[in-house]
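Dear colleague,

I am handing over the structure that we talked about, and below it you will find what turned up when I went through it. Please keep it open while you read, so that you can look up each place as it is named.

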Amino acid sequence: MEYRRLGASGLLVPALSFGAGTFGGRGELFSAWGDTDAAQARRLVDISLEAGVTMFDTADVYSDGASEEVLGEAIRGRRDRVLLSTKAALPTGPGPYDAGAGRSRLIGAVEGSLRRLGVDHIDLFQLHAFDAGTPVTETLAALDDLVRAGKIRYVGASNFAGWQLMKSLAAADRHGFPRYVAHQVYYSLVGRDYEWELMPLAQDEGVGAVVWSPLGWGRLTGKIRRGQPLPEGSRLHRTAEAGPPVRDELLYDVVDVLDEIAADTGRTVPQIALNWLLSRPTVSTVIVGARNEEQLRQNLGAVGWQLDADQLARLDKASATTPPYPYYPYYRLPDFTRLNPPRV
């Protein structure tokens, strides 16, 4: 397993991390992802650790907290071998204090996660979304107190817009609060919006991308192809509307090239899609999930080799879309590219 710096921090993370969204199986959305219990989770953790996957990602909203509980059971007795990543800010209930990134909410959320995980500290704690109703300085001050108390080691964000992330980083610098060293983002061959603003910002500010849903919400598993219905058992039957939208023709064009490269290399479609992500700037770690051992072992096959320049170029071309304003001039007009040369 390759290990990379998490942004500009001193924390080394594996190129692949394990996502525990399939643990627990509570609720309509997460039961469609999986219902892995503690015994099954322990086996998946065994396989991950054997392969060098040391970081495990979860959140307080995953299966109403059951994901953290199951993960905590699965790592019991080997806390010193793992990095724990969790998130909070999204609503966990209907009450006025069940959401957000205010001081009281964050302190309570961290205490709850520590209790469910059965540990005394969290290695990477991320805000699951930007809270527009709470001053950025209040959020950062609370995180600073939690770091100083030893309850969290590093802080990050997730699903932030560029201005939200930059505002937070600037405030952290101004007041001496911990900086976000990670940004957990959606990024895939069929979802490259991360590249327009968030990637250049991450390059400039030293923020590492922690990639979620690298297979495009299950679309790049190799089971979806042009002219064929969704396979039985696909979670897209139940959760397509909850995930990032993808144009059918874009998906099919990308899958066509993935199939060609799979035939050339003997690798699977998911392995190629994951390997492409690992070649991208700012990507510190890619989160892979698995409902069973077979899926996990297949995903682990995405490391230890590299796509060649021609294969990368073919995938880039098939997955390319026109950037939104104000980014597209930088890709088209010499006057703009002279001042803003593309970084990718």
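Before the first finding, a word on terms: a helix here is a DSSP run, H or I, of at least four residues, and the helices are numbered from the N terminus. Please also bear in mind that this is a predicted model.

With that in hand, just after helix 3 there is Gly77, which takes a positive phi of about 90 degrees. Is helix 3 itself, residues 66–75, largely enclosed or largely open? Buried means under 20% relative accessible area, and 8 of the 10 residues of helix 3 are buried, so this helix is largely enclosed by the rest of the structure. The buried ones are Ala66, Ser67, Glu68, Val70, Leu71, Gly72, Ala74 and Ile75, and they pack against helix 2 (38–50), strand 4 (55–57), strand 5 (83–88) and helix 4 (103–117).

The next finding concerns a pair of helices. Helix 9 (residues 248–265) packs with helix 12 (residues 309–319) at an angle of about 165 degrees, their axes being 8 Å apart. Because an angle over 145 degrees counts as roughly antiparallel, helix 9 is roughly antiparallel to helix 12, and the crossing between helix 9 and helix 12 is right-handed. Helix 9 brings residues including Leu250, Val254, Val257, Leu258 and Ile261 to the contact, while helix 12 brings Gln311, Arg314, Leu315, Ala318 and Ser319. Sorted by kind, the residues of this contact are 7 nonpolar, 3 polar and 4 charged.

If we leave aside its neighbours within four places in sequence, Leu315 is in contact with Leu189, Val257, Leu258, Ile261, Ile272, Trp276 and Leu307. As general background, nonpolar side chains tend to be buried together in soluble globular proteins.

Finally, please look at Pro329, which lies in helix 13 (residues 328–332). Its relative accessibility is 10%, and therefore Pro329 counts as buried. Pro329 and Asn340 are 11 residues apart in sequence, and from C-alpha to C-alpha they are 9.7 Å apart in space.

With best wishes

Terms used: Residues are numbered from 1 along each chain as its sequence is written. This is a predicted model: local features need pLDDT of at least 70, side-chain atom pairs count only at pLDDT 80 or more; totals for chains, interfaces and linings use all residues. Side-chain values use heavy atoms; hydrogens and water are left out. Helices (H or I, at least four residues) and strands (E, at least two) are DSSP runs, numbered from the N terminus. Buried means under 20% relative accessible area, exposed over 50%, partly exposed in between (1.4 Å probe, protein chains only). Axes are lines fitted to C-alpha atoms, for helices over the stretch in contact, and angles run from 0 to 180 degrees between N-to-C directions. Angles under 35 degrees count as roughly parallel, over 145 as roughly antiparallel, 65 to 115 as roughly perpendicular and the rest as oblique. A crossing is left-handed if the near helix is turned anticlockwise from the far one by less than a right angle, and right-handed if clockwise. Contact means heavy atoms within 4.5 Å. Ala, Val, Leu, Ile, Met, Phe, Trp, Tyr, Cys and Pro count as nonpolar, Asp, Glu, Lys and Arg as charged, and the others, Gly among them, as polar.
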